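The report below describes a single protein chain, moving from one local site to the sheets and then to the helix packing. Please read it alongside the sequence and the coordinates.

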Amino acid sequence: MKSEAERLKPGAAGFAARLPEVVELLRRHTGLMAEALNSSAVTGALERRQLALHVDPEEYVDRLKNSVREWDAFVDEIVVPETWFFRDVEPFKHFRRWALDGENRKQWTRRRLRILSAPCATGEEPYSIAMVLLDAGYSARDFHIDAVDISHAALKKARAGIFRPRAFRGEAPVRKGFFEPHGGDFALSPNVLSAVHFHYGNIVDPKFLAAQDPYDAIFCRNALIYFDAPARKVVAAMIDRLLTETGVLYLGHADPTQHLSPRFAPLAHARSFAYGRASALAKAAAPVVPAARPHSQSRARTAAKSGLRTAVAPGPVATAAPATSRKAEAVRELVSESAALADAGKLKEAEARLQEALKRDPASAEAWRLLGMIFHSRGEEAPAEAALTKSLYLQPECVESMTHLALIYESQGRRRDAAAMRSRALRMEQKRRAV
């Protein structure tokens, strides 16, 4: 007979028999795909909660299934938010420009601008949105920001408004004036703190924010990549329901969008991953490309006419071997020119620049990636796959090439290859988030 200490002793073996049951509960409740639910992480969370309650593994899983309070505490252990202020920068630059647009501002003289951030994690994103608007001349009375997350612990931290230095990375254009020193940390000023309304909620719940009025802007970034297909459909329906006709949607760079297409199309701001309703953009005669992914482009025959939205990674072009600075600079210029031409819809000219760049440096991963995107936009899957495969060989950590290849595999019915590539992209994205 086991002693009390042995019965309560944590360990993976204690939860092994019921781990699949817990993972399935998590998948159904959170929408997270199986690849995102690392068994060691789930077991670790189970063990921590088991020890906190001083019960054995079997008793803990039974309690987990029957207690809403314990379920929420367990989810807090699973969901580890990793974000920072003005993450990726470009979405916030686009949002500022969009919010200051004269035609847009006319409608907000009659009502407040409404923004949703979901999931909001520990609040850096919605507070960044508030700072953008305040810095642009809006008063707190001019807008309303709702921020929603599934983690009570994350929401508690968000409401406190105190952030460590690691919450600031890269460019933070309006950091000064909105924070006050707080020991070794930073505390948000009251005008920013009061501008965001935090709520508990689950974006994969079909009834999510069912009673709310539509929003003019929805930030739903870096979430879809972790969800399974049924959850993505639910989130797509939520976005469709909650975004105004002329609203703007912001996604993460690796978020899949097949469930949103063809209702949404990308807007013309590189690396903002901003989308508008295709119907509204058509009425406004705006040049758009129906989107398949934030980094992938439509195969529609109108692609060349509408323009291919592209982005060139900052800094030196990735190469597999050293090159002279003069040659490297020439290749960088050609790739940059090709991106601008593609954005303007001049795909033949863009392709010619890329071919020239590859003659000079056959190991330019950026040139191969962009060339693959152009082929993909024209429905030329064989050369697109070849170019993207070369890009990925030269730059093995390139999530953009992985996601494009996954789309191509899916369209060819190669589901196993597509799943493997998506899994690889997911692992790389998780690695990025952990850095």
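In which loop is the place of Asn222? Asn222 has its place in the loop between strand 7 and helix 12, where helices (H or I, at least four residues) and strands (E, at least two) are DSSP runs numbered from the N terminus. The model is a predicted one, in which local features need pLDDT of at least 70 and side-chain atom pairs count only at pLDDT 80 or more, while totals for chains, interfaces and linings use all residues. Residues are numbered from 1 along each chain as its sequence is written, and side-chain values use heavy atoms, with hydrogens and water left out.

**The chain as a whole**

The chain has 20 helices and ten strands. Of its 435 residues, 53% count as buried, where buried means under 20% relative accessible area, exposed means over 50%, and partly exposed lies in between (1.4 Å probe, protein chains only). Among contacts between residues at least 6 apart in sequence, 71% join residues at least 24 apart, a contact being heavy atoms within 4.5 Å.

Phi of Asn222 is near 60°, a positive value in a residue other than glycine, and Asn222 is buried with a relative accessible area of 10%. Arg221 is placed in the loop between strand 7 and helix 12 (229-242), and Arg221 is buried with a relative accessible area of 7%. The side chain of Arg221 reaches the backbone oxygen of Arg87 at 3.2 Å, which falls under the definition of a polar contact (a pair of N or O atoms within 3.5 Å; within protein, one must be able to donate a hydrogen and the other to accept it, and residues adjacent in sequence count only if both atoms are side-chain atoms). Leaving aside residues up to four places away in sequence, the residues that Arg221 touches include Asp88, Phe92, Glu125, Tyr250 and Asp255. Asp88 lies in the loop between helix 6 and helix 7; it has a positive phi of about 75° although it is not a glycine, and at 35% relative accessibility Asp88 counts as partly exposed. A further backbone feature is the cis peptide bond from Ala118 to Pro119, with omega near -5°; Pro119 has its place in the loop between strand 1 and helix 9 (124-135).

**The two sheets**

Strands of a sheet pair through backbone hydrogen bonds, either parallel or antiparallel. Here two strands pair if DSSP finds at least two bridges between them. Seven strands form an open sheet in the order 6-2-1-7-8-10-9, with mixed pairing. Strand 6 (196-200) and strand 9 (264-266) stand at its edges with a single partner strand each, so one side of each is left without a neighbour in the sheet. Neighbouring strands of this sheet are turned by 25° against each other on average, direction ignored. Six of the eight residues of strand 8 are buried, so strand 8 is largely enclosed by the rest of the structure. A second open sheet consists of three strands in the order 3-5-4, with antiparallel pairing, and its edge strands are strand 3 (162-163) and strand 4 (179-182), each of which pairs on one side only.

| Strand pair | Sense | Bridges |
|---|---|---|
| Strand 7 and strand 8 | parallel | four |
| Strand 8 (243-250) and strand 10 (274-277) | antiparallel | three |
| Strand 4 and strand 5 (185-188) | antiparallel | four |

Within these pairs, Tyr215 stands opposite Leu243 in strand 8, Tyr250 stands opposite Ala274 in strand 10, and Phe179 has Leu188 in strand 5 as its bridge partner.

**Helix packing**

Helix 7 (residues 90-100) lies across strand 1 (113-117), strand 7 (215-219), strand 8 and strand 10, running at about 155° to strand 8. Axes are lines fitted to C-alpha atoms, for helices over the stretch in contact, and angles run from 0 to 180 degrees between N-to-C directions.
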